[in-house]
Amino acid sequence: ETVTDTVFCNSLRAQSKGLVYNQWVRAGPRKQTFYTPSEVNAAIVACGGLDPGINIVVKEITCTLTLAYNVKRAWGVRFGWRGFTDPAAKEWLELTQDRVAHIHKEGGSILGYSNEECDVEKALEVLEERGVNQLYVLGNVETCQAASQIQLKATERKMKLSVVFIPKSIENNFPYIDKCIGFDTVVQGAVEAIHRVLVAASSVQGGIGIIKLGSGFMCLHAVMASGDADVCLLKAINFDPRIVMNYIAQVIAAKGYAIIVVEDGAAEELVRNWKKRLDETGGKQRQPVGGSMDECVGKLVPRQDMEAAVWSNTQEFDVGQYLKEYAIEYFQEKGTQVTVRLSTPEWYIRSMPAFASDRIFCNIVASAAVHGAFSGMMHFVVGRVNQRYVYIPMSIISPESKPKVKETSRMYNRMIRATGQPSFQRLGHAKLITGRGDVRRAFTPDQSLSEMAAHEQKRFGSFGV
């Protein structure tokens, strides 16, 4: 049985556009197996950062190997790719049913994590030395490319090795598949963070809550699910900060507070120009504006020779702190009382235990990975396409094939309808795509945003632009 990655592959519309579609082999157990259970020596490695669901995948792979195939040897590689190179991390965990019995209830990862890059040759040496013939890899697109290289090099060496890949990324931008493991939990964690910021912002005069999240797809889903955000700013969509703050002023005037959700890494050029502007002030140290150090971990640094925390001009700043400072200076110039707070909940979200829907999803993906390896398949990704679990060749996975957030996408325009925000790059209107695909105006120019922007340009000059 095969599964297609599009729901209209045979439609007249698809034919008229010349759309190309793929077919994937359905995942699941096979009648015949390639490996003898007594010869299997399996290893699991989770690369990159923490994500909900890692422990569930580890448990299900271990249990499927043990209970379905009677495999006696399974190992957990510590701290990602570092477990193949660092002597201190080479003590792999022996995975047994007793050891993994309750880890599905816990957040984090029993294997640990690191962002080390893969040394393919060294990894192959360790795998050959330990006699590993099934390697299960969890990670993002870049990790998938490293796993692919391990499989290809192993084939050149005539090693009996099946490399199986399970997509894991809070960005949820892995090509072709419906979602990565743990994404439902990530979205729920972001929704909870937005709600907490809303409670704080609505409890003060002129409250502005800024929540910085780790990816565009997380922002889109969280904003739509929460229904509490007034503005969502994404890396893929440019924005003018003056127009953003003009709109925030209108929101505060209407209901007393405003919530901004921003993707980490957004407005890189604006932040870079802002950093340049700070450096041109003479390079002197300055007090952080509008909050304490712990609100932007890694961005504010303490000086050893001063009692107060100060901001080093040598540091790289991010869009969260940029928006925070811009909002404070903007409303100070207008003479409006506001309280601005920045929340960066990513690591809280990453360490959450997976929810029920993600537990089921991880169980199915993990068991399908073992079934595929035992059937003799290699060099493949396990994922869900159109609600069916399939095997996808690693060879077609590349950074270029990642799904991207686009202003013309249905998902982005659903978010626009959820927040009610105008366009922050074209003055006075926003694109709203209806079910028929035509573009209509969601906002009219009667708000005179262009006049306000011109006025703010005179007052603030080229701040951050």
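Colleague: Hi! Where does Thr-143 sit?
Modeller: In this predicted model, Thr-143 belongs to helix 5, which covers residues 141–156.

Colleague: And is Thr-143 buried or exposed?
Modeller: Thr-143 counts as buried, because its relative accessibility is 8% and the cut-off for buried is under 20%.

Colleague: Which residues does Thr-143 touch, leaving aside neighbours within four places in sequence?
Modeller: Thr-143 is then in contact with Cys-47, Trp-81, Val-137, Leu-138 and Phe-165.

Colleague: Thanks! Let's move to pockets. Which helix gives the most to the lining of the second largest pocket?
Modeller: Helix 5 again, with 4 residues. Helix 7 (216–226) and helix 11 (346–350) each supply at least two residues to that lining as well.

Colleague: What volume does the second largest pocket have, and how many residues line it?
Modeller: Its volume is about 890 Å³, and 38 residues line it. Nearest the centre of the pocket are Asn-140, Ser-169, Glu-171, Asn-173 and Lys-402.

Colleague: How does the lining divide into nonpolar, polar and charged?
Modeller: There are 12 nonpolar, 13 polar and 13 charged residues in the lining of this pocket.

Colleague: Now the whole chain, please. How many helices and strands are there?
Modeller: The chain has 14 helices and 17 strands. Of its 465 residues, 52% are buried.

Colleague: What about contacts between residues at least 6 apart in sequence?
Modeller: Of those, 75% join residues at least 24 apart.

Colleague: Last one: what does the accessible surface come to?
Modeller: About 21100 Å² for the chain, with 48% belonging to carbon and sulfur atoms.

Definitions and conventions: Residues numbered from 1 in each chain as written. Predicted model: local features only at pLDDT ≥ 70, side-chain atom pairs only at ≥ 80, totals over all residues. Heavy atoms only, no water. Buried < 20%, exposed > 50% of the residue type's maximum accessible area, 1.4 Å probe, protein only. Contact = heavy atoms within 4.5 Å. Areas by Shrake-Rupley, 256 points an atom, 1.4 Å probe, with all protein chains shown as cover. 1 Å grid on protein atoms, 1.4 Å probe; cavity = no way out; pocket = protein on both sides within 12 Å on 5 of 7 lines; lining within 4 Å. Points joined across faces, edges and corners; volume = space filled by probe spheres on them. Nonpolar A, V, L, I, M, F, W, Y, C, P; charged D, E, K, R; others polar.
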